[in-house]
Amino acid sequence: MKTKRRSVPGIRHYDGPAGGWGALKATAIAVRTQMDTLDAPATLLRTNQPDGFDCPGCAWPDKEHKSTFQFCENGAKAVTWEATSKRVTPEFLAQHTVSALLEKSDFELEGYGRLTRPLQYHAESDTFRPVEWEQAFTRIGEILRGLEPDQVEFYTSGRASNEAAWLFQLFAREYGTNNFPDCSNMCHEATSVGLPRSIGIGKGTVSLDDFDKTELVISIGHNPGTNHPRMMGTLHELARRGVPIIVFNPLRERALERFADPQSLIEMATYSSTDIASTYFQVKAGGDAAALKGIAKHLLESESLHGNVLDSVFIAEHTQGFDDFAADIMQTNWELIERESGLSQAALKSVADAYAKSNATIITYGMGITQHNKGTANVRLIADLLLMRGNIGKAGAGICPLRGHSNVQGNRTVGITEKPSAEFLERLENLFGFVPPSKHGHDAVQATQAMIDGTAKALLCLGGNFAVAMPDHTRGFPAMRTLDLSVHVGTKLNRTHLLVSKETFILPCLGRTELDIQQTGRQSITVEDSMSMVHASSGKLKPASPLIRAEPAIVAGMAKATLTNSNVNWMELVADYDRIRDLIEKTIPGFENYNERIRVPGGFRMPLPPVARVWPTPTGKAMFSVFQGVDENATGEGDNVLRLITLRSHDQYNTTIYALDDRYRGVFGRRDILFMNEGDMEQLGLEHGDRVDLETALPGETQRLEDITVVAYNIASGSVGAYYPEANVLVPLDYLDKDSGTPSFKSVPIRVTLRSKEIRAL
Ligand SMILES: Nc1nc2c(c(=O)[nH]1)N[C@H]1C(S)=C(S)[C@@H](COP(=O)(O)OP(=O)(O)OC[C@H]3O[C@@H](n4cnc5c(=O)[nH]c(N)nc54)[C@H](O)[C@@H]3O)O[C@H]1N2
Ligand SMILES: Nc1nc2c(c(=O)[nH]1)N[C@H]1C(S)=C(S)[C@@H](COP(=O)(O)OP(=O)(O)OC[C@H]3O[C@@H](n4cnc5c(=O)[nH]c(N)nc54)[C@H](O)[C@@H]3O)O[C@H]1N2
Ligand SMILES: [Mo]
């Protein structure tokens, strides 16, 4: 630091490692504020156990799903938030109008606790009132029958089980639409679109065993200490074994620097920690493609000098498109690469040299790669780099996209897609005797656009906080109000629920931690993790209220009431989830003997042909790609434009805000801040603690986010960071990756203007 910084309320430098005693303390606080503390230890111990429930936190796998309980602060928060003893009662709702509740933040709204009974919006009193389940279903059915199927949007957030998601798609398709906006469209869609083009399947290829055998990990654009905390155990182990971990991230994320493993008695007892990243490169936001091209360029140069760098046998036997790829890389000049990535030629060459030495490399990546307007091309470039040295279909090597929601991958596997394959539709038709729609439907951005245009008339949400999670609140929020119907299946109140339409229903559901009893007895659901392992999850806790229902039962209730001549016996399916799984098995490849195989602890792995070097692409080969140029055209208009990264704090799960701290980044009790590089601050005449306004710097856009405080931070020059979802107002709806429709949440051109030099009091 050049000058002494003034003190800013809530901003303190955090010196410690990630994890450690701080994590234990944070867990204790989560338990104390949310749960009956006597139940808490038993509840937490049931997470990710063979007969327990799958953690509703992240999608990182468990070793054989039967290891001893792994401590994880954010997993504990996810569980305690669901198992909270707080309740939203009818009395509370009678006393609070929807307009008044809309003034509250999502943090406050979810803080009121679990929803306890079905609710219907009552316009005259502007309140939500209790409604009987059957009455709600009947009215929803009536409205839906009066609409054209393509006027209805069926949204899924990735917590839904395979069983609930499969029923939801069956409902929508028998009704007559493929409109399936889902959270994946804002998340890993670039993976779902890019990887099939490269390797024939839109999923990662590595397993936990590969991490045991790997010689090098390159981690790009993800923050595991917060978002995939159980991955920290794996990275910690690798670091201790001396496996290099090379990180590309504009921000210095503490967990990627130093981590004290709460499982390690020695580290806990001695307050020591382990360095995680062997090298940390602060690439510019959106500069990864340039960096990857630089690494590839040096590999090609080394190959022509010394040979033995590329896996030429693999390339010849298993791939196509290498010559075009190589020609493009060779003609990309270093000057451009350095300018766009913000990294030196020497730095990138050192990565290439390390990569060339490693016999088995894994590249892991997250939202820092996908949420850009060339997200799909970014993903493909990662695959290219791996293909250059035959790092797919080899032990200890592969590509590892870090998925978001705990079952987002499973939702896609079981048919939540706006572009279903002809084979899948044919199987549905043969099995059920109705003709499913073949016309492609809407993804998340298209669904919002249809709501804005007035062509969408209804939105049914299986979980999530759709309007808030999406970009462009200024356009999206009012569009919610123009709908004839909105229906939300959820566990807690959020702002999307409150953006009421002509008629709005909130249907409260069981969470994954809760006991699910149907006609034939206790039910288990199934989920698929980031590494394609499918396993069972059985809730154990007493439901938050006797009046809430399981997601499959709610979906079936709506379907039965809507489709009066349905070919499906909905209630019979809900009575026993084995029956749903039998039908999933009949309609989706890879689920052979589904019911049998999920009864084995640890479950089973979905087929991943690239692991055996079988490439289900149209050519039967893995395909190299050509990334046009080095940048993503995110420069924006005018001078002094910075690239905004919108990201998660340590105390949040997407739009669910657990608390207002972001401990590892040194932020306490507030979220209204902008992380900024000191050099950039100096250039713009800004100081630590200044209050500023942000404005989107794209043609024709006037979005603003007012009054946030500048915090000097170790972030790449030209990049700034602010929290999601507060900063979503700055992201235009059509600012996205054209290939996948993923909003460019990590590279919004913005301008910063000084508002006031006063220090803000909290
Ligand atoms: N506790 C918790 N767990 C979660 C979630 C949560 O909110 N809380 N969310 C879940 C979901 S749905 C998802 S998708 C995942 C998200 O997990 P992550 O992919 O880790 O998502 P973000 O927090 O958005 O962080 C992205 C990281 O990328 C970096 N980054 C930003 N832009 C760039 C760039 O241009 N290049 C590079 N190299 N890096 C960049 C940021 O500095 C940040 O460290 O986590 C899941 N798990
Ligand atoms: N600016 C910006 N925007 C982003 C992102 C970003 O990085 N930056 N990330 C994007 C990403 S990766 C994602 S995945 C989306 C997330 O978008 P969503 O998945 O739509 O949002 P969540 O915040 O996860 O949804 C929270 C709500 O889910 C409900 N819920 C919780 N548990 C359950 C359950 O078991 N069943 C049901 N039915 N409901 C439940 C609760 O009512 C809760 O209020 O946001 C995206 N938006
Ligand atoms: Mo996500």
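**Entry 1**

I began with Asn593, which sits in the loop connecting helix H30 (577-587) and helix H31 (594-597). I note that the model is a predicted one, in which local features need pLDDT of at least 70 and side-chain atom pairs count only at pLDDT 80 or more, while totals for chains, interfaces and linings use all residues. Residues are numbered from 1 along each chain as its sequence is written, chains are lettered from A and ligands numbered from 1 in the order in which they are written, and side-chain values rest on heavy atoms, with hydrogens and water left out.

I looked up the backbone of Asn593 and found phi near 50°, a positive value in a residue other than glycine. Most residues other than glycine have a negative phi. Asn593 counts as partly exposed because its relative accessibility is 43%; the class lies between buried (under 20% relative accessible area) and exposed (over 50%), with a 1.4 Å probe and protein chains only.

Asn654 also has a positive phi, about 50°, without being a glycine. I located Asn654 in the loop between S25 and strand S26 (656-657). With a relative accessible area of 15%, Asn654 is therefore buried.

**Entry 2: the surroundings of ligand 1**

Which residues are the closest to ligand 1? I read off Asn249, Glu253, Asp288, Gln652 and Asn654, out of 31 surrounding residues; a residue is counted if one of its heavy atoms lies within 4 Å.

I then listed polar contacts, that is, pairs of N or O atoms within 3.5 Å; within protein, one atom must be able to donate a hydrogen and the other to accept it, and residues adjacent in sequence count only if both atoms are side-chain atoms. The side chain of Asn249 places an N or O atom 2.7 Å from an oxygen atom of ligand 1. For His372, a side-chain N or O atom is 2.8 Å from an oxygen atom of ligand 1. A nitrogen atom of ligand 1 has a polar side-chain atom of Asn74 at 3.2 Å. Of the 920 Å² that ligand 1 exposes when taken alone, the protein buries 99%; accessible areas come from the Shrake-Rupley method with a 1.4 Å probe, and for residues only the protein chains shown count as cover.

The elements giving two or more residues to this shell are helix H11 (224-227), helix H20 (367-370), strand S24 (642-647) and strand S25 (652-653). Domain 2 (189-402) and domain 3 (642-761) each supply at least three residues to the shell around ligand 1; the bounds come from an automatic or database domain assignment.

**Entry 3: the surroundings of ligand 2**

I repeated the search for ligand 2 and found 32 surrounding residues, the closest being Tyr155, Glu551, Thr655, Tyr724 and Asn728. An N or O atom in the side chain of Asn494 is 2.8 Å from an oxygen atom of ligand 2. The backbone also takes part: a polar backbone atom of Val489 is 3.1 Å from a nitrogen atom of ligand 2, and a backbone N or O atom of Gly464 is 3.2 Å from an oxygen atom of the ligand. Helix H25 (466-469) and strand S16 (485-490) are the elements that give two or more residues to the shell. Domain 1 (134-180 + 426-601) and domain 3 (642-761) each contribute at least three residues to the shell around ligand 2.

Pro725 belongs to the loop between strand S30 (719-723) and strand S31 (748-756).

**Entry 4: two residues in helices**

I checked His236, in helix H12 (residues 229-241). The relative accessible area of His236 is 5%, so this residue is buried. The side chains of His236 and Thr274 are joined by a polar contact of 3.2 Å.

Asn411 lies in helix H22 (residues 408-413) and is buried, at a relative accessible area of 2%. A polar atom of the Asn411 side chain is 2.9 Å from the backbone oxygen of Ala160.

**Entry 5: the whole chain**

I counted 32 helices and 31 strands in the protein chain. The C-alpha trace spans about 70 × 65 × 55 Å along its principal axes. Of the 762 residues, 64% are buried.

Terms used: Helices (H or I, at least four residues) and strands (E, at least two) are DSSP runs, numbered from the N terminus.
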